[in-house]
Amino acid sequence: MSKYWTLRSKKPPFSFLVSKKMLWVIVGLMIVNAAIFIIGTGVGSVKITPLEVIKVFLGLGSETNTVIVHTLRLPRMIVAVLVGSSLAVSGAILQGLIRNPLASPDIVGITGGASLGAVCFFFFLGGTLSIQWLPLCAIIGAFLSTFLIYILAWKKGVSPLRMVMIGIGMSSAYSSISYMLMISGPIILANKSMTFMTGSIYGVSWEKDVLVLLPWVVVLLPVTLLLAREVNVQELGQDIAAGVGSAVQAKRAILILLSVGLAGAAVAIGGAIGFIGLMAPHIARKLVGPAFGGVLPVSALIGAFILLVADLAARTLFTPLDIPAGVFTAVIGAPFFVYLLYKHRHS
């Protein structure tokens with residue numbers, strides 16, 4: 001029995017193979033994520049059963065449950081899915097382009113640049129501009145950071161190794177500047193900045209968060225999936241990619257911009273949530289293999305799952321405290337990073 005389904009069309013013309021295993025993995029992850037989403041929506045000071053949550057989604061719930069779910073909890077769950085999937089896909093792109101299993105937005109400096117942009121907003125503009133401008137500042141910080149890293153890594157093209165090394169150094173510099181601004185400003189600035197740099201989706205809303213992040217994800221994720229073949233080509237190395245007719249530097253720049261856009265938008269809303277972009281692509285490759293046509297959508301689902309579970313743990317394990325979700329992703333991600341270092345060293 002064939003392991004693939006063949007999809008063909010004459011108008012528009014396309015033909016490609018779809019792995020049956022990949023589809024089953026995607027369906028399974030979607031079911032698991034849906035279950036966590038429903039359970040998480042019902043958890044809180046007022047507990048709502050999964051059946052009641054489903055009734056609310058169908059417009060059949062009580063007025064009290066409907067207000068609690070739609071106003072307070074649903075934005076948080078949606079933001080968890082959007083942020084987790086964006087960070088995961090961003091990390092998958094970086095690992096494919098750089099050909100380094102340790103690459104992720106937080107390690108190569110993208111997250112650090114976005115965080116510095118947010119801290120600069122709090123420090124210089126917090127008293128004059130609305131908080132709705134915060135995401136834009138974080139995204140600008142991510143793009144400026146990546147542009148600087150790209151320029152410093154350029155030497156007759158961008159070497160993946162140079163980009164990683166410079167990114168790690170710049171990430172440390174961004175963190176140092178952010179902490180310097182935090183300790184030199186008022187205490188309220190330090191509190192806001194620390195929460196942002198730890199990573200939290202507490203207190204998100206439809207207007208300021210969901211509707212700001214959603215267009216980025218809806219536009220950039222499909223474009224990224226359409227360019228999955230280019231990530232496969234880039235992963236072969238610069239010489240081979242050029243040999244098969246790929247415009248290596250131009251395609252690399254486009255893919256990096258997509259990665260930065262996804263990571264910057266996610267950090268702008270969820271803060272500097274670490275390690276999702278590192279863990280999710282590795283788990284995805286274990287499940288569906290190295291082809292990015294499968295790695296990217298599976299990474300998105302795994303990233304959403306990780307953040308949904310981390311946020312659920314943050315809300316329930318230390319009640320009545322609401323711990324930042326970034327604490328729990330770091331607790332999982334730090335040992336995972338050490339394991340990857342050990343494995344990479346002995347491979």
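This passage walks through a predicted model of one protein chain, from its overall make-up down to a few single residues. Local features are given only where pLDDT is at least 70 and side-chain atom pairs only at pLDDT 80 or more, while totals for chains, interfaces and linings use all residues. Residues are numbered from 1 along each chain as its sequence is written, and side-chain values use heavy atoms, with hydrogens and water left out.

Of its 347 residues, 49% count as buried, where buried means under 20% relative accessible area, exposed means over 50% and partly exposed lies in between (1.4 Å probe, protein chains only). The chain exposes about 17000 Å², with carbon and sulfur atoms supplying 72% of that area; the areas come from the Shrake-Rupley method with a 1.4 Å probe, and for residues only the protein chains shown count as cover. Taking contacts (heavy atoms within 4.5 Å) with a separation of 6 or more, 70% link residues 24 or more positions apart.

The largest nonpolar core holds 94 residues. Such a core is a set of buried Ala, Val, Leu, Ile, Met, Phe, Trp, Tyr and Cys residues joined through side-chain atoms within 4.5 Å. Val 83 and Val 298 touch the most other members, and H3 gives the most residues to this core, namely 16. Val 298 is in contact with Val 25, Ile 26, Leu 29, Ala 284, Leu 287 and Val 288, once neighbours within four places in sequence are set aside.

Helix H3 (residues 63-98) also turns up in two helix pairs. With helix H1 (residues 20-42), it packs at about 145°, the axes lying 9 Å apart. Axes here are lines fitted to C-alpha atoms, for helices over the stretch in contact, and angles run from 0 to 180 degrees between N-to-C directions. The crossing of H1 and H3 is right-handed; that label applies if the near helix is turned clockwise from the far one by less than a right angle, and left-handed if anticlockwise. Among the residues making the contact are Phe 37 and Gly 40 of H1 and Arg 73 and Met 77 of H3. By type, the contact residues split into 7 nonpolar, 3 polar and 1 charged, with Ala, Val, Leu, Ile, Met, Phe, Trp, Tyr, Cys and Pro taken as nonpolar, Asp, Glu, Lys and Arg as charged, and the others, Gly among them, as polar.

With helix H8 (residues 206-226), H3 crosses at roughly 35°, and the axes come within 10 Å. This crossing is left-handed. Val 83 is one of the H3 residues in the contact, and the H8 side includes Trp 206 and Leu 213.

Ser 115 sits in helix H4 (residues 110-125) and counts as buried because its relative accessibility is 3%. Leaving out residues up to four places away in sequence, Ser 115 touches Ser 178, Phe 196, Met 197, Val 267 and Ala 272. Phe 275, in the loop between helix H11 (248-270) and helix H12 (276-288), is buried at 19%, and its phi is near 75°, a positive value in a residue other than glycine. Ala 35 of helix H1 is partly exposed, at 36%.

Notes:
Helix = DSSP H or I, 4+ residues; strand = E, 2+ residues; numbered from the N terminus.
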